Every structure is written in structure tokens, then in C-alpha cells.
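Below is a short briefing on selected residues of one protein model. Please look over the sequence and structure first.

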Amino acid sequence: LSDLPLAKALGRDKPFGKAAEMRMNGLRFRKGIGMGPASRVDLQLAGSWNLLRADLGVDDSCRSAGGLQFQVWSGERLLYDSGLVTAPAVVKPEIDVRGLTQLSLRTLGARGAQPARTCGNWANAVLIGTEGATVSLR
């Protein structure tokens, strides 16, 4: 998903903030979307999509700032809520998106020493579907 034309406020294949590379629990992630403490990416889906996968966590560059929540919505329906995630934890949801036409990836609920500096990674965020399925920003 980091290949989409993302807003400048988001990190493309790097965390939100000044760090040059996305790292969680000491591991480097080459692809992903870095988000601030209250961010969202809204997606329009067309065709046949099956699954959303990602490695979610707080980037090592801001781990002392605190933790946050990751959520996935479709319209008014909450599909996934990670609960509070703090470093070094990384959660790996696999979310069924069959039949959906829109998704919203969100970070929220930052807590800790410096909530405004908390940065969450949607590392390796990918949609899996059939040939011809498309995704664009809403």
C-alpha cells in the first residue's frame, strides 16, 4: 500500500518523523506507511479483494514517546482494533476484506510520556486479491 500516492504528512517506507528507515523491535522494514498519533488513510477498493495484512507497531525511533492503537474500518463498521500497542510489541493482523469497497487505516489513542511524538508503522501493509482488483486513495 505504500506505493499509493500518499499525503506528505505520512511516511512512505519510513516512519512518521525524521528517522530514515522503518524499524520495530530492532528489525528493519523496507515497505510500509508511517503514521503520526492521530492519522488515517482512506482507501477505495474495486474488484475482488480477500485479505489485508500488515505488521503494526511503534517505530524504534519514537518508542520512548508512548504507544497507540491501530484500527481498520469499513464505513461505520470497525473491522479491527489492536488495543494499545507499545514497543517492542508488533501485531500481525490478517483481516478479511471480501466484498468491501472501502477501508480506513487509522492510528489513534496515543498514550505515554509524549503522545504527540508517538509514531505507528503499518509495515508490509498489503491487500491480497484477484487479478484486476484495484485500490486507490479516497
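A polar contact is a pair of N or O atoms within 3.5 Å; within protein, one atom must be able to donate a hydrogen and the other to accept it, and residues adjacent in sequence count only if both atoms are side-chain atoms. This is a predicted model, in which local features need pLDDT of at least 70 and side-chain atom pairs count only at pLDDT 80 or more, while totals for chains, interfaces and linings use all residues. Residues are numbered from 1 along each chain as its sequence is written, and side-chain values use heavy atoms, with hydrogens and water left out.

**S74**
- S74 belongs to strand 7, residues 67-74 (strands are DSSP runs of E, at least two residues, numbered from the N terminus).
- With a relative accessible area of 12%, S74 is buried (buried means under 20% relative accessible area, exposed over 50%, partly exposed in between, with a 1.4 Å probe and protein chains only).
- A polar atom of the S74 side chain lies 2.9 Å from the backbone oxygen of Q102.
- Neighbours within four places in sequence aside, S74 is in contact with L79, L100, Q102 and L103 (contact means heavy atoms within 4.5 Å).

**D42**
- D42 sits in strand 5, which covers residues 39-46.
- D42 is buried because its relative accessible area is 19%.
- The side chains of D42 and R40 make a polar contact at 3.2 Å.
- Not counting residues up to four places away in sequence, D42 touches L103, S104, S136, L137 and R138.

**Aromatic pair**
- Rings of Phe, Tyr and Trp (its six-membered ring) pair if their centres lie within 6.5 Å; planes under 30 degrees apart count as stacked, over 60 as edge-to-face and the rest as tilted.
- The count by this rule is 1 aromatic pair.
- That pair is F70 with W122, edge-to-face, at 5.6 Å centre to centre and 75° between the planes.
- F70 is in strand 7 and W122 in strand 12 (residues 120-129), so the pair ties together parts that are 52 residues apart in sequence.
- F70 and W122 are both buried.

**L127**
- L127 is placed in strand 12.
- L127 counts as buried because its relative accessibility is 10%.
- Leaving out neighbours within four places in sequence, the contacts of L127 are L1, L45, W49, L51, L52, V97, L103 and V135.

Note on methods:
Helix = DSSP H or I, 4+ residues; strand = E, 2+ residues; numbered from the N terminus.
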